[in-house]
Amino acid sequence: MTAFVTLAGVYSTPDFRVERSREQEWMSSRALEQFLAGVEKRAFKIAQLSLRNDDDALDAVQDAMMKLVQSYGSRGSEEWRPLFYRILANGIRDMQRRRTVRGRIMAWLPARDAEDDQDFDPIAQAPSHEPNPARRLELDEAIGTLETAVAELPARQRQAFLLRNFEGLDVSETASAMGCSEGSVKTHYFRALETLRARLGEVI
Amino acid sequence: MSQESQDGAFEKRTRAVLEESAARLDGRTLSRLTQARHAALEQLQRPARARWWAWMPAGAAAAVAVLAVSLWMGRPAVETPSPMEDLEFLTDADAPEFVTDGEELEFYEWAAGEMES
């Protein structure tokens, strides 16, 4: 009893509480970093296939990361994935809207030479890994064909397909991320799969 | 092969192709994703630093108030009697005795002249 009282006294000291709070913050930060590091590549691909522009996709992913940490970092880690993809989906939709408006404005302005904006960047051109040339060629073709077909799906079908198939969310998590019912997710996913199989069945 | 297992196989192949595509992201994209992640996580450190800044507006307002009060208190005291006080003084039968006293009046005129010179 004496030992308990002594320990209880130590654990309730301000120094101990501050130390424990710092430890919890550090663990939370570490868990968030692991989560973000685990989803960032797939999130970028999802944004890239939706926006068809690398810079916009990177901006959308960064924005989703910022908002998740800022607004939902204190939530349970099991909630992060659907929340993150919900934020990303909203960001992508907003960007597409802005792009539509910008497109209308730019249509009134004289066209610029796109080559003027492109500088050679050796780091950008460096591949992250190198399979053998034949396999690489085969994969290049499969990736190109699939990504084109996915990018051309209707937005909701593409979203359902990428979240279910690529990100691996279950129906409930996908519904939460898409802001719709589980029935709608199943319908969108089924239609996406049908379209892709009809188009790519022989190729992939 | 049943339709269901065909569906499953197709889903697996598409997932594998997309994962391969994600694994092939170039160095620049990977670097920017890492930067984005670090920028997002930096927000967790900011509240501790922000606490100091959060008091800045209140601190600045308090400093301005203290300065204003010290300037007000430190200024030379100049009493400017109101017109009502002047009127009360002139109509008071007891107080301004020196006004009716010829000698005293001369003294005050001399004193006023000395002060002006």
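**Core.** I began with the largest nonpolar core of this predicted model, which has 48 residues. I looked for the members that touch the most other members, and found A:Ala47, A:Ala60, A:Val61, A:Ala64 and A:Leu88. Next I checked which element supplies the largest share of this core: H2(A) does, with nine residues.

**One core residue.** What does A:Ala47 touch, leaving out residues up to four places away in sequence? My list reads A:Ala57, A:Ala60, A:Val61, A:Leu88 and A:Ile92. Two of these names, A:Ala60 and A:Val61, I had already written down among the core members with the most contacts.

**Contact between the chains.** I then turned to where chain A meets chain B. I noted 39 residues from chain A and 28 residues from chain B in the contact. On the side of chain A, helices H2 (14-51), H3 (54-72), H5 (122-125), H6 (133-151), H7 (155-166) and H9 (182-200) each supply at least two residues. H2(A) gives the most here, with 11 residues. I sorted that side by residue type and got 21 nonpolar, eight polar and 10 charged.

**Confidence.** How far does the predictor trust chain B? Its mean pLDDT is 74, and 57% of its residues reach 70 or more. Among the elements of chain B, helix H1 (residues 3-23) has the highest mean, 87, and helix H5 (residues 97-100) the lowest, 51. A reminder to myself: where pLDDT is low, the predicted coordinates should not be read in detail.

Note on methods. Residues numbered from 1 in each chain as written. Chains lettered and ligands numbered in written order. Predicted model: local features only at pLDDT ≥ 70, side-chain atom pairs only at ≥ 80, totals over all residues. Contact = placed C-beta atoms within 7 Å. Helix = DSSP H or I, 4+ residues; strand = E, 2+ residues; numbered from the N terminus. Nonpolar A, V, L, I, M, F, W, Y, C, P; charged D, E, K, R; others polar. Core = buried A, V, L, I, M, F, W, Y, C linked by C-beta atoms within 7 Å. Buried ≥ 20, exposed ≤ 12 C-beta atoms within 10 Å, placed from the backbone. pLDDT = per-residue confidence, 0-100.
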